[in-house]
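Reader: I would like to go through this model feature by feature. Please give the general idea where there is one, and then the case at hand.

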Amino acid sequence: FPPAVFPLSCVVQNYAWGKVGLESEVAKLVASGDPLVQIQPDQPYAELWMGAHPRGDALIRDNRIPQKTLGQWITDNPACLGAKVKDAFQGHLPFLFKVLSVNTALSVQAHPNKELAAKLHAQFPEHYPDANHKPELAVALTRFEGMCGFRPVEEIVSFLQNVPELRALIGEVAAEQLERSGSDAPRGVSAALRVCFTRLMKSEKKFFVDQLNMLVKRISQEAAEGKDTSGSNGDLLLRLHSQYPGDIGCFTIYFLNLVRLEPGEAMFLGANEPHAYLHGDCVEIMACSDNTVRAGLTPKFIDVLTLCEMLNYTPAPSSSKIFPAVQSQLDPHVYLYDPPVPDFTIMRIEIPASIKLYLISAMDSASILLVIQGTAVGTSTAAASEMSLHRGSVLFISANESISLHLSSPDGMLLFRACCLL
């Protein structure tokens with residue numbers, strides 16, 4: 001039998017927003033995973049792609065396996081996905097697993113549902129490369145900041161009253177409508193919110209650049225005088241403006257929740273949820289798709305009309321955006337992040353130092369295992385030989401295969417395992 005459990009060498013994406021050199025968790029993991037890799041101190045290391053995506057197909061690090069990449073191997077051995085997964089996802093690995101190291105903000109964006117994805121792909125294939133949805137789940141590795149979902153209306157109204165430059169862009173009629181909507185049914189609130197956000201995003205370039213410059217100047221002066229600028233969300237505004245001067249995305253901070261995650265906390269981004277990652281390191285899992293509708297904080301193609309039409313305009317507090325992990329009933333060392341989509345699940349596995357032998361259990365799904373800390377020797381009847389596991393190691397585990405870990409680190413292990421629990 002060919003080995004069904006094997007180590008992977010994964011693709012790094014050097015996007016400009018990534019953390020630089022060894023400040024990046026991605027770079028640190030890659031350097032630990034393969035001591036021969038040279039980390040360039042001035043190069044951004046933004047994303048590590050662990051999966052079989054055509055633009056970042058992982059290499060197989062086992063010379064007994066004739067296939068060079070994970071994608072080729074799955075194509076030749078589709079049963080490795082597990083029977084249910086293979087049938088449900090037409091012989092493809094349904095998820096892409098990543099590590100992200102964010103230094104400057106990513107664009108304000110949302111991902112379409114399947115219906116909209118099919119339509120956008122048919123109309124504009126150059127911007128929307130496939131017909132799939134792209135839900136995402138991010139689990140913080142370090143303190144992580146992002147914007148996600150619309151704020152409660154009273155917070156937005158408070159900004160409309162404290163930030164005259166924002167009110168000028170939205171206009172008096174729309175602003176008053178939102179202020180009065182507090183007593184309406186939720187549909188009325190969402191409608192008023194949609195009008196305000198759309199007016200902001202479609203405002204005339206010269207007008208919003210003037211207003212933004214006025215706002216930045218005013219807040220810089222107030223900050224210099226030692227005044228409290230939190231009523232205008234001053235710190236974040238100045239930070240984003242320094243990263244993307246003159247960008248309409250700077251104003252989205254008045255509409256979207258700021259979500260701060262501690263390590264191990266997660267946020268789930270369903271279809272049509274506006275979001276932008278701001279800073280920090282996380283593991284992320286997503287459905288296999290590249291469909292992103294962008295509208296600010298980016299030099300890339302932006303599609304304001306589509307974004308404003310598709311968004312979920314349901315206001316909610318930032319605390320509601322934190323997605324809970326549930327301790328596994330079968331194994332107290334496993335915490336499950338199981339979102340309301342069939343495509344993927346993440347497991348966080350924390351093995352204390354007192355445990356010297358641990359079983360990574362078999363499941364009816366292919367999975368990818370990432371070592372964040374700790375060392376062990378892994379053995380499996382499905383592996384060609386024993387495998388040395390340490391920080392940065394990535395393993396592919398075929399469905400229905402297990403691995404015994406013989407731990408050798410004084411401080412236990414932290415692992416993340418990506419899979420599909422149908």
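Reader: In which loop is the place of Asn400?

Author: This is a predicted model, and in it Asn400 sits in the loop between β23 (394-397) and β24 (403-407).

Reader: What is the phi of Asn400 near?

Author: The general idea first. Most residues other than glycine have a negative phi. Asn400 has a positive value, near 65°. Gln90 also has a positive phi, near 50°. That residue is in the loop between α3 (83-88) and β7 (95-102).

Reader: Is Gln90 buried or exposed?

Author: Exposed. The relative accessible area of Gln90 is 61%, and the cut-off for exposed is over 50%.

Reader: Let us turn to strands. How many residues of strand β18 are buried?

Author: In a regular strand the side chains alternate between the two faces of the sheet. For β18, residues 345-351, six of the seven residues are buried, so the strand is mostly covered.

Reader: Which strand do four bridges join to β18?

Author: That strand is β17 (residues 334-337), and the two run antiparallel.

Reader: How should I read a polar side chain in a strand, and what does the side chain of Ser101 make a polar contact with?

Author: Start with the setting and then look for partners. Ser101 lies in strand β7 and is buried, with a relative accessible area of 0%. The side chain of Ser101 makes a polar contact of 3.3 Å with the side chain of Ser24. A polar atom of the Ser101 side chain also lies 3.0 Å from the backbone nitrogen of Glu25. Beyond four places in sequence, the residues that Ser101 touches include Trp17, Tyr45 and Asp281.

Reader: Which side chain does a polar contact of 3.1 Å join to that of His133?

Author: The side chain of Asp343. His133 is in the loop between α4 (114-123) and β9 (136-140), and at 12% relative accessibility this histidine counts as buried. Contacts of His133 outside its sequence neighbourhood include Pro112, Ala287 and Ser289.

Reader: How many salt bridges does a search of the whole structure find?

Author: The search finds 19. One of them joins the side chains of Arg260 and Glu145, at 3.2 Å from N to O. Arg260 is in strand β11 (residues 256-261) and Glu145 in strand β10 (residues 144-150), so this pair ties together parts 115 residues apart in sequence. Glu145 counts as buried, at 13% relative accessibility.

Reader: What are the closest N and O distances for Arg167 and Glu179, and where do the two residues lie?

Author: Arg167 and Glu179 form a salt bridge with the closest N and O atoms 2.7 Å apart. Arg167 lies in helix α6 (residues 164-170) and Glu179 in helix α7 (residues 172-180), so the pair ties together parts that are twelve residues apart in sequence. Arg167 counts as buried at 15% relative accessibility, whereas Glu179 is partly exposed at 27%.

Reader: Which side chain does Glu273 meet in a salt bridge?

Author: That of Lys321, at 3.1 Å from N to O. Both residues lie in loops, and the pair ties together parts that are 48 residues apart in sequence. Glu273 is buried, with a relative accessible area of 9%, and Lys321 is buried at 12%.

Terms used. Residues are numbered from 1 along each chain as its sequence is written. This is a predicted model: local features need pLDDT of at least 70, side-chain atom pairs count only at pLDDT 80 or more; totals for chains, interfaces and linings use all residues. Side-chain values use heavy atoms; hydrogens and water are left out. Buried means under 20% relative accessible area, exposed over 50%, partly exposed in between (1.4 Å probe, protein chains only). Two strands pair if DSSP finds at least two bridges between them. A polar contact is a pair of N or O atoms within 3.5 Å; within protein, one must be able to donate a hydrogen and the other to accept it, and residues adjacent in sequence count only if both atoms are side-chain atoms. Contact means heavy atoms within 4.5 Å. A salt bridge is a side-chain nitrogen of Lys or Arg within 4 Å of a carboxyl oxygen of Asp or Glu.
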